[in-house]
Amino acid sequence: MDSATTAPPSPELHFDNLKALKILGKGAMGTVFLVHHTAAAATTPFALKVVDKTSLHAKLDAERRARWEIQVLSTLSHPFLPSLLGTFDSPELLAWAIPYCPGGDLNVLRYRQNDRVFSPSVIRFYLAEILCALDHLHAMGIAYRDLKPENVLIQNSGHVTLTDFDLSRKLAPKSLKTVPSPIPLPDSKLPEPRRKHRRNFSRWIPLLPPDVPNFNKSGLKKANSARVSPVSRRKLSFSDGERSNSFVGTEEYVSPEVVRGDGHEFAVDWWALGILTYEMLYGTTPFKGKNRKETFRNVLTKPPGFVGKRSALTDLIEKLLEKDPKKRLGYGRGANEIKEHEFFRGVQWDLLTEVVRPPFIPAREDGTEDMPSAGNGGVDIRDYFQSLAPPPSLPPSPSPPTSCNFKKNVSLTEF
């Protein structure tokens, strides 16, 4: 991770007014709570990520990565990326708030489908929005480096948002002739998407005939993918832009150039997009082995396997999973190159935010029907970290969450 320019100060949170309703998740970076503001008359619950500074021990870089994520969030302004709502910093705790996405993540949503896979038309919708989010990050000089289903969340509206930016990195672009290096994160926001009068689209793209056979994958919900912690690699010199030499990512999503230690840049996100697309289509990742060593060997040597008739979708996956990053789709002209692929033919990119009926929408706007009522005040977050176990009144979220029901099997013809 590189340092960035000083971002505008974010609103300061006051823990005396914040109460946790439930735990949304735990990870190496800390604990995520669903929080409500007790002093406000009517507020929407939000997600609060909290790093306990007193228990870092071996994870000494957790606070540094947390501050980097806060820095990145403070610069984002995009409909498919989260915004920073506020921060809290004390000698014991570091916390930051982002909007709550009641629809869960893309992995949970996939497991709610009958065959545990998505149709090509649904894949097209989600890929288009993810592609736009990555395009925005790359335009800011940020390589995301942690794309996976668990990091693609579903908003109230049914649109996506990416989360977890602690593994992201600031990189200089490939062309150094017209843009100075390094590039600070921009102070100005990108222009808002062109807004016309709000329309209820019947379709957002021309429907293509189904071209993927049913691929039924049995078994329980997969465990969260194992992360690969950043490890410094040898210093290399490149003439076509800055590259990172860190070994970072998630095992099944790590690109060949990361495995080889060749140095990597924005093309790692296009590789991960290919893995994500494959998993949405088949319910499994293409290079998973019995252990990490075998997985990485497959990443380096094994071509992705496809089932049934070839299609524009499988062609897209194959081009994204090109092992040579310089030949990979998106390497030359970024997201624009991918948008021109046949699979996205007919997509109205500037109208994605206008789609009011995405494939799946959380049944309730707040997703909090199974939580304690705000009347009981919730649980004090500082008290939680002072105890070794969560109190009985702070239940963890089930997985997949029972708090958000979806309108299933909604075809794009119903848009």
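These legends describe close-up views of a predicted model.

**Figure 1**
The chain is a predicted model, not an experimental one. Of its 415 residues, 53% count as buried. Take the contacts between residues at least 6 apart in sequence: 73% of them join residues at least 24 apart. The views below pick out parts of this protein.

**Figure 2. Helix H7 has buried residues along one face.**
Helix H7 covers residues 312–320. Which of its residues are buried? They are Leu313, Thr314, Leu316, Ile317 and Leu320. Seen down the axis of H7, these buried residues fall within an arc of 155°, so they line one face of the helix. An α-helix has 3.6 residues a turn, so residues three or four places apart point the same way. What do the buried residues of H7 pack against? Their partners are helix H3 (120–139), helix H5 (267–282) and helix H8 (335–339).

**Figure 3. Helix H3 meets helix H5.**
Two packed helices are described by the angle between their axes and the distance between the axes. For H3 and H5, the axes come within 11 Å. They cross at roughly 165°. Angles over 145 degrees count as roughly antiparallel, and H3 and H5 are therefore roughly antiparallel to each other. Their crossing is right-handed. From H3 come Ile123, Tyr126, Leu127, Ile130, Leu131, Leu134 and His138. From H5 come Asp269, Trp270, Leu273, Leu276, Thr277, Met280 and Leu281. By class, the residues of this contact divide into 11 nonpolar, 2 polar and 1 charged.

**Figure 4. Helix H5 also meets helix H7.**
The axes of H5 and H7 come within 8 Å. They cross at roughly 145°. Is the crossing of H5 and H7 left-handed or right-handed? It is left-handed. On the H5 side, the contact holds Trp270, Trp271, Leu273, Gly274, Thr277, Tyr278, Leu281 and Tyr282. On the H7 side stand Leu313, Thr314, Ile317 and Leu320. These four H7 residues are among the buried ones of that helix. The contact of H5 with H7 has 9 nonpolar and 3 polar residues, and no charged ones.

**Figure 5. His264 sits in the loop between helix H4 and H5.**
Helix H4 spans 256–260. Is His264 buried or exposed? Its relative accessibility is 3%, so His264 counts as buried. Pro325 is 61 residues away from His264 in sequence. In space, the two C-alpha atoms are 8.4 Å apart.

**Figure 6. Arg116 and Arg145 each have a positive phi.**
Arg116 lies in the loop between helix H2 (106–111) and H3. Its phi is near 60°, a positive value in a residue other than glycine. Arg116 is partly exposed, with a relative accessible area of 24%. Arg145 lies in the loop between strand S6 (142–143) and strand S7 (152–154). The phi of Arg145 is about 70°, although Arg145 is not a glycine. At 8% relative accessibility, Arg145 counts as buried.

**Figure 7. Lys170 is a buried residue in strand S9.**
Strand S9 covers residues 169–170. The relative accessible area of Lys170 is 4%. Buried means under 20%, so Lys170 counts as buried. Leu137 is 33 residues from Lys170 in sequence. Their C-alpha atoms are 9.6 Å apart in space.

**Figure 8. Gln155 touches residues from several parts of the chain.**
Gln155 lies in the loop between S7 and strand S8 (160–162). Which residues does Gln155 touch, not counting those up to four places away in sequence? The list is Pro79, Phe80, Cys101, Pro102, Val160, Thr161 and Pro362. Phe80 is 75 residues from Gln155 along the chain. The C-alpha atoms of Gln155 and Phe80 are separated by 9.0 Å.

**Figure 9. Val356 lies in the loop between H8 and helix H9.**
Helix H9 spans 381–386. At 26% relative accessibility, Val356 counts as partly exposed. Gly158 is 198 residues from Val356 along the chain. The two C-alpha atoms are separated by 8.3 Å.

Technical notes:
Residues are numbered from 1 along each chain as its sequence is written. This is a predicted model: local features need pLDDT of at least 70, side-chain atom pairs count only at pLDDT 80 or more; totals for chains, interfaces and linings use all residues. Side-chain values use heavy atoms; hydrogens and water are left out. Buried means under 20% relative accessible area, exposed over 50%, partly exposed in between (1.4 Å probe, protein chains only). Helices (H or I, at least four residues) and strands (E, at least two) are DSSP runs, numbered from the N terminus. The arc is that of the directions from the helix axis to the C-beta atoms. Contact means heavy atoms within 4.5 Å. Axes are lines fitted to C-alpha atoms, for helices over the stretch in contact, and angles run from 0 to 180 degrees between N-to-C directions. Angles under 35 degrees count as roughly parallel, over 145 as roughly antiparallel, 65 to 115 as roughly perpendicular and the rest as oblique. A crossing is left-handed if the near helix is turned anticlockwise from the far one by less than a right angle, and right-handed if clockwise. Ala, Val, Leu, Ile, Met, Phe, Trp, Tyr, Cys and Pro count as nonpolar, Asp, Glu, Lys and Arg as charged, and the others, Gly among them, as polar.
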